[in-house]
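The sequence and structure come first.

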Amino acid sequence: MKIRGAYIAAAVAAAIMIAFPAFLGAYPLNVARSVMTYMALAVSWDMLLRSGQISFGIAGLFGLGSYASILAVLRGGMDPLLSIAFAALVAGLVAFALGFAILRLRAMYFSITTLALMEIFRIIMHNLHDFSGGPEGVVLPEVIFGGDASALYWLCLGGLAVTIGASWYFERSKLRLALTAIRNDETSARSNGIDIFKYLLVAFVVTSTLQGMMGAIQVQSYGFTTPDTAFDANFTLLPLAMALLGGIHSTIGPMAGAVLLGIASEWLKLKIPYGHLVVYGVIIIIVILFMPNGLFGLARKAIRKAGGAGSPGSASNGSDAEEGAR
Amino acid sequence: MSKLSTTGLTKAFSGLVAVNDVSFAMEEGEILGIIGPNGAGKTTFIHLVSGILMPSSGRIEFKGRDVTYLPAHERSRLGIARTYQLIHPLENLKVLENVMVGAVFSRGKSLREARLSAEGICDELGLGGLDRDTAQLSILEIKKMEIARALANEPEVLFLDEVMAGLNSDETKQMIETVRRIAGERRMAVGVVEHVMGVIRELTQRVIVLEAGELIAEGPYEKVSKDPRVIEAYLGGAA
């Protein structure tokens, strides 16, 4: 029953999302695109986090996708829509190759390396003047779909849907068991038949592909990019803050965090330009200190406390609610 | 042919030889005791045969096949499973899911098949409340869960590293019965590390004794326990 209720709620939410352009103007649609882009990045970051690996390389793969897409159109004459798939593929292939080197690393060493990779991609694009346009970046002759606000919105929604679908699959398939086992105890995972490297590689390639895809969608929607826009550290920091705020190791947590922080940031940007970043920093600190499992973690705890008056039956109700919240 | 055998198995950690030139074999349906004083190399030995550590030299064969440098996950798929002296629950998975992991990844079962097989194994071990978090389990239940997870790998060789440690005498009795039953029904070769000699005497047909990484005695417990070298290893050199 609970599961069916969740499906119905998801279907209704999806229908409303699809119908947004019918009753929203250009500015709200633009905000919605920004929120959806960050949401997709937050969910994809979380997907890898479920294995215990903390990536700081979101902006790197996002920027890589941006450049792959815009250069494919500009230098290769590729169809803009096709270039998004192409960029996703490029990001995935780069992640596959890099994975062999960096997925042997753990914890801080992995995180720092992914951060460095982002910087390397940025510097390469900065310096390949003839090919990538150098620091001034590149401009497309025209934006995809002629810049139609509704079409751009649906394109971004499509990218988000693919990401959420992938995350949902991660949660429902044996990938969840594998990634959770790797996160909890690699020794135990190994002695129960889990090929750790293989599953880390799958998670890294899939999430990088999604991040590259979102970069491509973004660049095609704006029609231009520069190294500093494409590899903006915000594309790493904001999704991270969103996922932490909403609740990590789930699909719904990062989504909720993205809605809250995304809308708050639009508002803050108007009120205190650049100051919104300070607010993000404060949120990350508060979340890490006081609610390490995010808003959904707090909610789960509250449900468990309310339902679990000590009897085993009510304790298992608490865990049912947790299943439903996933 | 032996289920599992080693020849001259050695593991050195930068100078410290934890396992030194150990050769042994385990047969189908046998419960073998692995004993020795603290620091004798028993756990390192199990790490080596299960692939958690790679040996410095020597050879490991599983049913005649060389598995000396095979990664741990491939060994568990072949049929070598184990539990750990220090418990290793997967705390973000439910009890049933913990057990399912072995069935899904070692046996390649679908989630549905793995769920059925895990439920069967837990039932067999008398482990209930399978939708609980592992944090809610007693020590006996955690040990049972880890045995269940090892059994979900459907092993032919199983190592139990101090599964009785921390259990009271009733629980220990119950666990001895359980181990005997699962070993008998599955015709596995079971290697048991224990410090409680009563358990070893009751459970095993044969023991090997390690001291300072070396195999110093082998045979039925009654005989080995009278071996002067073994007594010296446990009690120290006679003054």
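## Salt bridges overall

Over all chains, a search of the whole structure finds 20 salt bridges. The model is predicted. The pairs below are taken chain by chain, and then across the interface.

Arg122(A) and Asp228(A) form a salt bridge, with the closest N and O atoms 3.1 Å apart. This pair links distant parts of the chain. Arg122(A) sits in helix α5 (residues 107–127) of chain A. Asp228(A) sits in helix α11 (residues 227–230) of chain A. Asp228(A) has a relative accessible area of 49%, so Asp228(A) counts as partly exposed.

Lys3(B) forms a salt bridge with Glu156(B); their closest N and O atoms are 2.5 Å apart. Lys3(B) lies in the segment before β1 (4–13) of chain B. Glu156(B) lies in the loop between α5 (139–152) and β7 (157–161) of chain B. The pair therefore ties together parts that are 153 residues apart in sequence. Lys3(B) is buried, at a relative accessible area of 11%. Glu156(B) is partly exposed, at 23%.

Arg187(B) forms a salt bridge with Glu28(B), the closest N and O atoms being 3.6 Å apart. Here too, distant parts of the chain are linked. Arg187(B) is in the loop between α6 (169–186) and β8 (189–193) of chain B. Glu28(B) is in the loop between β2 (16–26) and β3 (31–35) of chain B. They stand 159 residues apart. Arg187(B) is partly exposed at 46% relative accessibility, and Glu28(B) is partly exposed at 43%. Both pairs belong to a network of salt bridges that links Lys3(B), Glu28(B), Lys63(B), Glu156(B) and Arg187(B).

## The interface of chains A and B

How many residues of each chain are in contact? Chain A contributes 26 and chain B 28. Between them the chains bury about 2300 Å². Carbon and sulfur atoms account for 53% of that area. On the chain A side, Leu177(A), Arg190(A) and Asn192(A) supply 26% of the area buried against chain B, more than any other three residues.

One salt bridge crosses the interface. It joins the side chains of Glu97(B) and Arg176(A), at 2.4 Å from N to O. The interface also holds 14 residue pairs in polar contact. Three helices of chain A each supply at least two residues of the side touching chain B: α8 (174–184), α9 (186–190) and α16 (312–325). The largest share, eight residues, comes from α8(A). By class, the side of chain A that touches chain B divides into six nonpolar, 10 polar and 10 charged residues.

## An enclosed helix in chain B

Helix α1 (residues 42–50) of chain B has eight of its nine residues buried, so the helix is largely enclosed by the rest of the structure. Its buried residues are Lys42(B), Thr44(B), Phe45(B), Ile46(B), His47(B), Leu48(B), Val49(B) and Ser50(B). Just after α1(B), Gly51(B) takes a positive phi of about 90°.

## Cysteines

How many disulfides does the rule count over all chains? The count is zero. Cys156(A) is buried at 2% relative accessibility. Cys122(B) is buried at 0%.

Note on methods. Residues numbered from 1 in each chain as written. Chains lettered and ligands numbered in written order. Predicted model: local features only at pLDDT ≥ 70, side-chain atom pairs only at ≥ 80, totals over all residues. Heavy atoms only, no water. Contact = heavy atoms within 4.5 Å. Buried area = accessible area lost by both parts, 1.4 Å probe. Salt bridge = Lys/Arg side-chain N within 4 Å of Asp/Glu carboxyl O. Polar contact = N/O pair within 3.5 Å; in protein donor to acceptor, adjacent residues only side chain to side chain. Helix = DSSP H or I, 4+ residues; strand = E, 2+ residues; numbered from the N terminus. Nonpolar A, V, L, I, M, F, W, Y, C, P; charged D, E, K, R; others polar. Disulfide = S-S within 2.5 Å. Buried < 20%, exposed > 50% of the residue type's maximum accessible area, 1.4 Å probe, protein only.
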